[in-house]
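Please read the following report alongside the sequence and the three-dimensional view, which are shown next.

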Amino acid sequence: MTPDSTQSDVVRSSYNLGLPTGILSALRVLRPGLGQLFNSDGPLSLLNLSDSAKWFVLGAILEAGRRLFDWLYVRLRPRWASTMEFNEGNSQYDWIVHFLTQERLWKRSREFRVVPKSSKLRWGIDTTTGSQESQEPHAEYVPTFEQPQLFKWRGYVMEVQRENGERTYSLSHPDGQPNGTIRITMYTKNLSLMSQFVEDARLRYLESSKPNVIIHMVDAQSYGSEFIWNNVKSKAKRPLSSVILGEGVMTSLLDDVKEFIQSEEWYVAAGIPYRRGYLLYGPPGTGKSSTIYALAGELGLDIYAISLAASIVDDSFLQRAASSIPKGCIFLIEDVDCCFSRDDEDEGPIPMGPMGPIGMSMRSHGSGRPKSAVSMSALLNVIDGVGSEAGRLFFATTNYVDHLDSAFLRPGRIDKKVEYYLATKAQAASLFKRFFPNYTLSKPDEKGSSINDLSELFAEGIPKHEFSTAELQGYLLLYKREPRSAAENVKGWVEQERISRQEREERLEEARKKKLKAAMDMQAQMQASQNAFNQDKSTASASASPAPVSLVPLKEATPNPEGKTDGAGATDSTKPVVEEKSNGHETPTIA
Ligand SMILES: Nc1ncnc2c1ncn2[C@@H]1O[C@H](COP(=O)(O)OP(=O)(O)OP(=O)(O)O)[C@@H](O)[C@H]1O
């Protein structure tokens, strides 16, 4: 047999063995080499076998070689490669995604999920690069590419692989919420490079998010072992001066926070837990949240915000959320009053219907405030740091400070309280000036031609502590380019607002009365149906057994020392009373 005929036979016999086409192609490439194996003086010639059997031996040798390679790879790889895993919803995931996007690692991707452009932090690629279009795209193109890719960082070869993971479906994410994972493998023995890489990614992320404040929130119950802050938004920083508060309030808050950030060593040396709590309280729309956003922007801190009024937030949710917040950020708990109720707000017994308690899903405090599923003890544990990180700035906001418990307000939990008021005249004037900066009046009149004068006219028309800053802002928005009209019409607006408020209050009172009446009617109706039901039951049992219970006249019986009576009708001294009641005259109790 010639070498050539041997090679063709090899390939032909491989057809007989039903080998995949990929292997066949490889065999064609290796044909000359394989031919040597099958030569009369080749290594396989020692075996006195047919060509097919020789081919079988060769396959066995290759398979053994492959297994040996796998075995060695699994054992030696950890020495030369380290793999890090980053899960979506953690800050570290955002750092890495940002890094890889900056490195344009996804540029080869041709598969995208197209999502609306919003303030949500995503990592869509820049589709306008290289095009003539100057217009901002109205959608984001998020790559769904999952193939491993190699890249270099500081000269080291790295491999990245992304998995989209199982999507979780919930009411707030009917289309599913991605639970992606990124795995990064570094081909080096030096483990410290891993932390250097992550730190590098973090610094780049902080650098590029400087003009923004990153706010982490939770949309829905997150499943799995790790808590996921799944709604991450990026908001433009707000200058401190744009929040108009009383004299020195913002400066004192800023100084306090800065002082805390700089004194970690002092806290540790003094053995005092390194955390600080702030309570901002006052009517809605007076600037509590705006203050926190402005502070976070100024100090470059991320905000992790949760509202106790949200129905998904219960004890375990809050604890998991708190323990998954990194050090050096702001933990914001909004509507903190929702987990405190006062005695005078107790709703009394819950009306019971045949199917159980009525209206449990609409439970609220008597005042109409939503009631939280979080207990006070869980909240206190979270603030005290049980299962949560030290080094945290904790902010709580509320519109109802009177409802807070003194245990919550004690120093160590709340270290600084700031009260917010409805707007003063000075605040109204400042807000006006902020609305019309450098505005030149086209038609100066005898009243004065400067914005300063108009701001005074505006403030004059605003009664002290009657309107929130948010309400004044809403009014000024009606006159974005007309400062004179804004100042001149404000008195009319105030009158109009007072009338609308009066009407709104009357409507609310009316609705409250109606609701109360409906609840009382329902309770009376249920009481009547319960009575009727009991009546029917007793009539039915009376007709089924004419004398189920004999109403034995209570004869005077002398109780024995164990409380039993003597004589033929000897029984428990309380029994005749029970018997009489069970005969259909028991009054139903509303639990
Ligand atoms: N003191 C203020 N200075 C500047 N803007 C303010 C001020 N107060 C409120 N605003 C404006 O009103 C809007 C609502 O403000 P913000 O959310 O900070 O109020 P809040 O006190 O946190 O309200 P709530 O108690 O309802 O959460 C924002 O757009 C903000 O710009």
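Which residues in H9 meet which residues in H10?

## The contact of H9 with H10

In this predicted model, Asp315, Leu318, Gln319 and Ala322 are the residues of H9 that meet H10, where they are in contact with Ala378, Leu379 and Val382. Sorted by class, this contact comprises 5 nonpolar residues, 1 polar residue and 1 charged residue.

Helix H9, which covers residues 315–323, packs against helix H10, residues 376–384, at an angle of about 5°, and the axes of the two helices lie 9 Å apart. Because angles under 35 degrees count as roughly parallel, H9 is described as roughly parallel to H10.

## Helix H6 and its two faces

Helix H6 runs over residues 249–262, and its 14 residues, at 1.5 Å a residue, should span 20 Å; the C-alpha atoms at its ends are 20 Å apart, so the expectation and the model agree.

The buried residues of this helix are Met250, Leu253, Val257 and Phe260, and because they cover an arc of only 100° around the axis, they lie on the same side of H6. Their cover includes strand E9 (275–281), helix H8 (288–299), strand E14 (392–398) and strand E15 (416–419). On the face of H6 turned away from that buried side are the exposed residues Thr251, Asp255, Glu259 and Gln262.

## The chain as a whole

The chain contains 17 helices and 15 strands, and of its 591 residues, 22% are buried. Of the contacts between residues at least 6 apart in sequence, 72% join residues at least 24 apart.

Note on methods. Residues are numbered from 1 along each chain as its sequence is written. This is a predicted model: local features need pLDDT of at least 70, side-chain atom pairs count only at pLDDT 80 or more; totals for chains, interfaces and linings use all residues. Axes are lines fitted to C-alpha atoms, for helices over the stretch in contact, and angles run from 0 to 180 degrees between N-to-C directions. Helices (H or I, at least four residues) and strands (E, at least two) are DSSP runs, numbered from the N terminus. Angles under 35 degrees count as roughly parallel, over 145 as roughly antiparallel, 65 to 115 as roughly perpendicular and the rest as oblique. Two residues are in contact if their C-beta atoms, placed from the backbone, lie within 7 Å. Ala, Val, Leu, Ile, Met, Phe, Trp, Tyr, Cys and Pro count as nonpolar, Asp, Glu, Lys and Arg as charged, and the others, Gly among them, as polar. A residue is buried if 20 or more other C-beta atoms lie within 10 Å of its own, exposed if 12 or fewer, and partly exposed in between; C-beta atoms are placed from the backbone. The expected span of a helix is 1.5 Å times one less than its number of residues. The arc is that of the directions from the helix axis to the C-beta atoms.
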